[in-house]
Amino acid sequence: MLGAIPKLNFRDYAFPCKRRLTTRSRSSATGRQDVIRRATARELHAMNQRFTLTVNGKTHTVDADPDMPLLYALRNDIGLNNPHFGCGLAQCGACTVHLDGRPVSSCVTPLCAVGQAKIVTLAGLGTPEKPHPLQTAYIEEQVPQCGYCINGWLMTAAAFLRDKKKPSEAEIKDALSGLKCRCGTHISILKAVKRAAEMMG
Ligand code: FES
Ligand code: FES
């Protein structure tokens, strides 16, 4: 049985400089001076704003820091575990989601930049009854090993194949060149994307 989705700790990992506050205090030796201190929980909460996010066709309300990456809201607040935390630096693709159809790294997309954009995660790409051709091709080619990276490959390839019919192998490689798979499934992934492209062609 699957356990609870592990929570990402935004306070510890993201933008630590913004969790510091500068306050004035009195020093007997030098008079007034600035002191940099860690924000209290109450002060952090006061920075929160309310965001209404449309994810996979459903509306969710999230109270959060405007600088909080979308990935944290999707996993911690909405409970979607398809986008994964890999690098947190827009370098691996594990956290990819679609914003108005455009693939983005949700680990570096702050909530304040989402606006009214419609968000689609891997859970919204297809259903067990009607999978996306890429999902079908992944199963037929038996691509996954650990599966951690799958989200990024599928979401990036889905946006690419929607816009590019009958792509060449070089075009597929170019479109997916920013993604990482530590299990080394790249050859199988390429076969699956080519198979899906044929299905969608
Ligand atoms: S976790 Fe976002 S690109 Fe790596
Ligand atoms: S299948 Fe394990 S990281 Fe890609």
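These are my notebook entries on a predicted model of one chain.

**Conventions**

I number residues from 1 along each chain as its sequence is written, and chains are lettered from A and ligands numbered from 1 in the order in which they are written. Since the model is predicted, I take local features only at pLDDT of at least 70 and side-chain atom pairs only at pLDDT 80 or more, while totals for chains, interfaces and linings use all residues.

**Entry 1: overall content**

I looked up the secondary structure and found seven helices and seven strands. Helices (H or I, at least four residues) and strands (E, at least two) are DSSP runs, numbered from the N terminus. Along the sequence I read the pattern α-β-β-α-β-β-α-β-β-β-α-α-α-α. Of the 201 residues in the chain, 33% are buried. I call a residue buried if 20 or more other C-beta atoms lie within 10 Å of its own, exposed if 12 or fewer, and partly exposed in between, with C-beta atoms placed from the backbone. I then checked contacts, meaning two residues whose C-beta atoms, placed from the backbone, lie within 7 Å. Among contacts with a separation of 6 or more, 57% join residues 24 or more positions apart.

**Entry 2: the sheet**

I traced an open sheet of five strands, ordered β4-β3-β7-β5-β6, with mixed pairing. Two strands pair if DSSP finds at least two bridges between them. At the edges are β4 and β6 (102-105), each pairing on one side only. From one strand to the next the twist averages 40 degrees. For this and later angles, axes are lines fitted to C-alpha atoms, for helices over the stretch in contact, and angles run from 0 to 180 degrees between N-to-C directions.

I looked at two of the pairings. β3 and β7 are parallel, with two bridges, and Val55 has Ile119 of β7 as its bridge partner. β5 and β6 are antiparallel and joined by four bridges; here Thr96 stands opposite Ser105 in β6.

**Entry 3: helices on the sheet**

I found α3 lying across β3 and β4, at about 105 degrees to β4. α5 also packs on the sheet, where it touches β5 (96-99) and β6, and its direction makes about 30 degrees with that of β5. Six of the eight residues of α3 are buried, so α3 is largely enclosed by the rest of the structure. The buried ones in α3 are Leu70, Leu71, Tyr72, Ala73, Leu74 and Arg75. Just after α3, I noted a positive phi of about 80 degrees at Gly79.

**Entry 4: the core**

I listed the largest nonpolar core, which has 43 residues. A nonpolar core is a set of buried Ala, Val, Leu, Ile, Met, Phe, Trp, Tyr and Cys residues joined through C-beta atoms within 7 Å. Ala73, Leu134, Leu154, Ala192 and Val193 have the most contacts inside this core. Elements that each supply at least two residues include β3 (49-55), β4 (58-64), α4 (133-140) and α7 (186-200). The most comes from α5, with seven residues. The core lies between domain 1 (11-24 + 39-124) and domain 2 (133-200), because both give residues to it; the domain bounds come from an automatic or database domain assignment. I also checked Ala192: leaving out residues up to four places away in sequence, Ala192 touches Leu134, Ala137, Tyr138, Glu141 and Val143.

**Entry 5: α5 against α7**

I looked up this helix pair and got an angle of about 35 degrees, with the axes 11 Å apart. The crossing is right-handed, meaning that the near helix is turned clockwise from the far one by less than a right angle. On the α5 side the contact is made by Trp153, Ala157 and Leu161, and on the α7 side by Ile189, Val193, Ala196, Ala197 and Met200.

**Entry 6: loop residues**

I checked Lys166 in the loop between α5 and α6 (169-175). Lys166 is exposed, because 10 other C-beta atoms lie within 10 Å. Beyond neighbours within four places in sequence, Lys166 is in contact with Ala197 and Gly201.

Asp100 has a phi near 50 degrees in the hairpin of β5 and β6, which has two residues between the strands. Asp100 is exposed, with 12 other C-beta atoms within 10 Å. Gln142 has a positive phi of about 50 degrees and is in the loop between α4 and α5. Gln142 is exposed as well, with 11 other C-beta atoms within 10 Å.
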